[in-house]
Amino acid sequence: QSEMWLKQNNIYFDKLIVNARDKKKVCLEENIDLLIDDSISNCKNVITSGIPAIMIRNKFNIDNDIKCFQNWKQIYDYINESKIIKIIKYNDNYKKDVCSFVNESMHKFIGRDYKERPDVSNINDYYIKNNGNFWLAIDVKTKNVIGTIALENRENKYGILKRFYVDEEYQNNGVGSKLYDMFYNYTKNMTKINKIYLACGHVLDKAHQFYKRKGFIQKDNIDIDMHFAEDDDFFVKNLDRK
């Protein structure tokens with residue numbers, strides 16, 4: 001019946017999946033960029049995977065992370081006019097783009113030289129194989145990498161937040177918070193790490209304020225062996241595992 005209705009109304013579709021009880025699983029398997037649903041529980045569940053969601057309903061927004069619209073015209077206009085951002089785990093299809101994005105971000109934000117950075121050129125070996133991870137923010141329309149964040153896992157004892165950048169054009173739109181939420185939820189739920197460290201350029205005032213809002217404490221020095229620049233400031237956050 002669903003297929004017949006779609007065809008009768010001249011609605012194009014690539015694939016029809018029915019009785020999908022776990023929509024998060026299906027969205028990940030099918031590489032979905034955006035979920036449109038009438039269930040807030042489905043939308044909230046899918047959002048935890050980094051995929052944005054829209055609700056179609058007669059009421060106004062009921063959740064800060066979920067846009068609500070009353071009809072398909074409103075949904076079409078929103079998609080057409082807005083930036084739709086998806087958070088995904090790194091894969092090698094994006095290797096060249098990530099290397100370029102990180103280099104450009106470091107040069108633009110803190111004046112670093114363009115060069116090959118071994119951890120970014122070998123993300124699987126440096127981060128993922130050690131039970132760390134690396135996430136990308138993708139503009140689903142352009143397919144461009146517009147943000148990154150990484151977890152370096154040190155023996156499941158402590159973690160280092162690294163390579164956290166968001167393209168200037170996409171800042172102040174919640175992209176950084178979405179990336180950080182993926183990082184933090186993975187660190188807390190999928191590792192035994194109890195303390196997170198990071199080094200941040202002294203000139204990056206907005207970044208400093210962001211970390212403080214997320215519960216990081218600025219320190220004068222660091223008590224672990226980690227890479228940092230002379231003009232970096234240090235931040236530490238303890239994870240509550242009670």
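A: Start with Tyr 211, which is buried at a relative accessible area of 6%. Buried means under 20% relative accessible area, exposed means over 50%, and partly exposed lies in between, using a 1.4 Å probe and protein chains only. The model is predicted, so local features need pLDDT of at least 70 and side-chain atom pairs count only at pLDDT 80 or more, while totals for chains, interfaces and linings use all residues. Residues are numbered from 1 along each chain as its sequence is written, and side-chain values use heavy atoms, with hydrogens and water left out.

Tyr 211 belongs to one aromatic cluster, formed by Trp 135, Phe 164, Tyr 180, Phe 183, Tyr 184, Tyr 186, Phe 210, Tyr 211, Phe 216 and Phe 235. The ring rule is this: rings of Phe, Tyr and Trp (its six-membered ring) pair if their centres lie within 6.5 Å. Planes under 30 degrees apart count as stacked, over 60 as edge-to-face, and the rest as tilted. The rule gives 17 aromatic pairs. One of them joins Tyr 180 to Phe 210. Their centres are 6.0 Å apart, with 85 degrees between the planes, and the pair is edge-to-face. This pair links distant parts of the chain: Tyr 180 sits in helix α8, Phe 210 in helix α9 (residues 205–213), 30 residues apart. Helices are DSSP runs of H or I with at least four residues, strands are runs of E with at least two, and numbering starts from the N terminus.

How accessible is Tyr 180, buried or exposed? Tyr 180 is buried, with 3% relative accessible area. Phe 210 also counts as buried, at 12% relative accessibility. Next comes the pair of Tyr 211 and Phe 216: the ring centres are 5.7 Å apart and the planes stand at 70 degrees, so this pair is edge-to-face. Phe 216 is buried at 2% relative accessibility.

Now take the strands. β7 (residues 158–166) runs parallel to β8, joined by 2 bridges. Two strands pair if DSSP finds at least two bridges between them. Ile 160 has Tyr 197 of β8 as its bridge partner. β8 also pairs with β10 (residues 232–238), in the antiparallel sense, over 7 bridges. There Ile 196 stands opposite Lys 237 in β10. In strand β8 (residues 195–201), 5 of the 7 residues are buried, so β8 is largely enclosed by the rest of the structure.

His 202 lies in the loop between β8 and α9. His 202 counts as partly exposed, at 49% relative accessibility. Which residues does His 202 touch, not counting those up to four places away in sequence? They are His 208, Asp 231, Asp 232 and Asp 233. Contact means heavy atoms within 4.5 Å. His 202 and Asp 231 are 29 residues apart in sequence, but 5.7 Å apart in space, C-alpha to C-alpha.

Elsewhere in the chain is an open sheet of 3 strands, in the order β1-β2-β3, with parallel pairing. β1 and β3 (67–69) are at the edges with a single partner strand each, so one side of each has no neighbour in the sheet. Neighbouring strands here are turned by 25 degrees against each other on average, direction ignored. β2 and β3 run parallel and are joined by 3 bridges. Met 55 has Cys 68 in β3 as its bridge partner. Helix α4 (residues 72–81) lies across β1, β2 and β3, at about 160 degrees to β2. Axes are lines fitted to C-alpha atoms, for helices over the stretch in contact, and angles run from 0 to 180 degrees between N-to-C directions.

Finally, the whole chain. Its secondary structure comes to 9 helices and 10 strands. Of its 242 residues, 41% count as buried. The C-alpha trace spans about 65 × 40 × 35 Å along its principal axes. Among contacts between residues at least 6 apart in sequence, 54% join residues at least 24 apart.
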